[in-house]
Amino acid sequence: MQIPDELVIFGRSYKILEVSPIHVSEGVLGLASYREGAIYLDPSLDPALSLNTVWHEAVHIAQQDMLGTTDEDQARWLALFVHNFLIHNPAMLECYSSLLSRAPGTALAD
Ligand SMILES: [Zn+2]
């Protein structure tokens with residue numbers, strides 16, 4: 001499994017970078033920097049925890065974009081919800097693959 005080098009959230013690109021060793025030693029799994037346009041991840045995480053952490057940090061970016069602030073409990077809950085929803089409903093991923101391959105550029109809901 002390879003997390004992409006970049007993610008697009010609300011039309012803006014965010015680089016995926018590694019958290020510093022100091023943060024890793026403090027137990028930080030990930031960080032979101034709205035201002036820098038970056039999400040930092042601990043590269044040593046197992047695949048499931050890495051994916052859940054990407055969702056968590058992506059929610060923080062969305063919160064910052066929409067609300068101008070972040071909410072840790074909400075980010076934790078939403079990340080777990082999306083992660084588990086996709087794990088338990090893998091056919092939904094196939095629906096998205098099909099949608100994207102059918103008509104490029106028409107898949108956006110906004
Ligand atoms: Zn957080």
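Met92 lies in helix H4, which comprises residues 90–102; helices here are DSSP runs of H or I of at least four residues, strands are runs of E of at least two, and both are numbered from the N terminus. The model is a predicted one, in which local features need pLDDT of at least 70 and side-chain atom pairs count only at pLDDT 80 or more, whereas totals for chains, interfaces and linings use all residues. Residues are numbered from 1 along each chain as its sequence is written. Met92 counts as exposed because it has 11 C-beta neighbours inside 10 Å, given that a residue is called exposed with 12 or fewer other C-beta atoms within 10 Å of its own, buried with 20 or more, and partly exposed in between, the C-beta atoms being placed from the backbone. Between the C-alpha atoms of Met92 and Val54, which are 38 residues apart along the chain, the separation is 19 Å.

Val54 is among the buried residues of helix H2, a group that also includes Asn52, Thr53, His56, Glu57 and Ile61. Helix H2 (residues 47–67) has 21 residues and spans 30 Å from its first C-alpha to its last, close to the 30 Å expected at 1.5 Å a residue, where the expected span is 1.5 Å times one less than the number of residues. The cover over the buried residues of H2 includes S1, S2, strand S3 (30–33), strand S4 (38–41) and helix H3 (72–88). After H2 comes Gly68, with a positive phi near 75 degrees.

The axes of H2 and H3 come within 8 Å and cross at roughly 130 degrees, axes being lines fitted to C-alpha atoms, for helices over the stretch in contact, with angles running from 0 to 180 degrees between N-to-C directions. Residues making the contact include Leu51, Trp55 and Val59 of H2 and Ala75, Leu78 and Val82 of H3, contact meaning that the C-beta atoms of two residues, placed from the backbone, lie within 7 Å.

Four strands form an open sheet of mixed pairing in the order S1-S2-S4-S3, where two strands pair if DSSP finds at least two bridges between them. Strands S1 and S3 are the edge strands, each pairing on one side only, and neighbouring strands of the sheet are turned by 25 degrees against each other on average, direction ignored. H2 lies across S1, S2, S3 and S4 and runs at about 25 degrees to S3.

S1 and S2 run antiparallel and are joined by four bridges; Leu7 stands opposite Tyr14 in S2, and Ile9 has Arg12 of S2 as its bridge partner. Phe10 is placed in the loop between strand S1 (6–9) and strand S2 (12–18), and in this hairpin, which has two residues between the strands, it takes a positive phi near 50 degrees. Most residues other than glycine have a negative phi. Phe10 is exposed, with 9 other C-beta atoms within 10 Å.

S3 and S4 likewise run antiparallel, with four bridges joining them, and Gly30 has Leu41 of S4 as its bridge partner. The hairpin of S3 and S4 has four residues between the strands, and in it Gly37 takes a positive phi near 70 degrees.
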